[in-house]
Amino acid sequence: MHPNGSASAPASWSVEVVYRGIFQKRLANRISRGVVLGARREGKVGTAFARYGDSPERNGIPSKNFAVVATDEVELESSLARYEPERVEISIVVDDTMSKGVESWAWYGVQPINKLVVPGGFLLVTSDKEPEELLKAIKTKPYDYTLVVVPSPVHAGVFAPEGSASFAGLWVDNDDNTDWNCLAAVARVAPQVVSLDTVLTLVRERTKDEARVNAVKANYDQLKIRPVNAGEGSSTSFEEYQKPGWTQMREGIIVEAQQVGTRNPLYKKWSTRTRRPLVNFDTCIKCTQCWLQCPDECFEVTPEGTYEVVYEACIGCSICEEVCPVPDCIVMVNELAFDDNDSLYAVYKADPEAYRAFLQKHGVPLHPELVEKAKKTAAVHDVQERKWPVTVAGGEE
Ligand code: SF4
Ligand code: SF4
């Protein structure tokens, strides 16, 4: 039977797990393998695999694992004849900031997070947000589907409250139940794939901890299930990309260099980001550390000699926050609070007071005691004195 209960029952079910490269890789493996393990216990067949194009991964890059479950071997093999599933009954997303869209290492351009979800299918997102809030970021579909929010465990002192991606499995046994909670959510929306009883049995066998079993069951009961009608969601437009066939490709694998002072207009990189840096232009002392140390060369110098972030290129690594010598001059905040990549320096120039209020709204301390000091920054830092280009090409572009 189809997960949506329709009469046109597929004999196989495809599940994708969308995760942040490297630090959520083990978590994604555990979810996709757990789907297959549970289904096999119930007499079905299945297999789990990673998307070939997502390896080698880069930290934070959106990547995908898949699980395919079928009623028999023949159905499974016919499902696996494709390079990767083009449609999935269930998509599991383990960082809610990816709701805005993802550009994977296997370059397809930025794509909607629910791109593969079939009519009547399910989009499962681990989050501490309400479905309505996530829907503002999730691209509309021309048909109905269901959004399910899997409540995030509290990552006290690790990543909360700004950015709630789970680190489960990154270090030895730093486990917060996210894998089990996602499996239980699959059981809730598609018990034909795996049942709750089987999931709880797996938890009991693996953890030998009845408290963990009860916690997973409690999370199952607290799932937020929100039917989404055709046309509901974000109207953000995504560019369509056509992969050239091999007969259309040029000889050799040529990646043309970018001209100095330009960035690759097609390689956006922003969907790698869970958090984004905000710059306090009032307290910037023009020391250039952010400009020098950013691995993706995302900083541009402003007419005043301070530095602004080009958000389409920023991967959210937070190195700039670490190297900036001025307290809270660069602060990382939750990416989900933003719906575009527009220049924030332009906002500052148009209305500095409004920009300060904006920083405070995002929890950035203003440090007015440092403003005068920044104004006295030595002239050697002024843009007119520079001996290097004021714009740069991105690092890997
Ligand atoms: S250093 Fe800062 S601006 Fe550069 S990619 Fe990392 S977070 Fe973005
Ligand atoms: S590191 Fe901080 S103080 Fe230095 S130029 Fe960048 S934003 Fe300004």
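Me: Two strands pair if DSSP finds at least two bridges between them. With that in hand, how many bridges join S2 and S3?

Reply: This is a predicted model, where local features need pLDDT of at least 70, side-chain atom pairs count only at pLDDT 80 or more, and totals for chains, interfaces and linings use all residues. Residues are numbered from 1 along each chain as its sequence is written, with chains lettered from A and ligands numbered from 1 in written order. Strands are DSSP runs of E (at least two residues) and helices runs of H or I (at least four), numbered from the N terminus. S2 and S3 (residues 62-70) run antiparallel, and their bridge count is 6.

Me: What does Glu 16 of S1 bridge to in S3 and in S4?

Reply: S1 is antiparallel to S3, with 9 bridges, but parallel to S4, with 4 bridges. On the S3 side the partner of Glu 16 is Phe 66. On the S4 side, the partner is Ser 91.

Me: How many residues of S1 are buried?

Reply: Buried takes 20 or more other C-beta atoms (placed from the backbone) within 10 Å of a residue's own; 12 or fewer is exposed, and in between is partly exposed. Ser 12, Ser 14, Glu 16, Val 18 and Arg 20 point one way, with Trp 13, Val 15, Val 17 and Tyr 19 pointing the other, and all are buried. Of the 9 residues in S1, the buried count is 9.

Me: Where in the protein is confidence highest?

Reply: The score is pLDDT, the predictor's confidence in each residue, from 0 to 100. The protein averages 85, and 84% of the residues reach at least 70. Helix H2 (residues 73-80) is lowest at a mean of 74, whereas the top spot, at 98, goes to strand S7 (residues 224-228).
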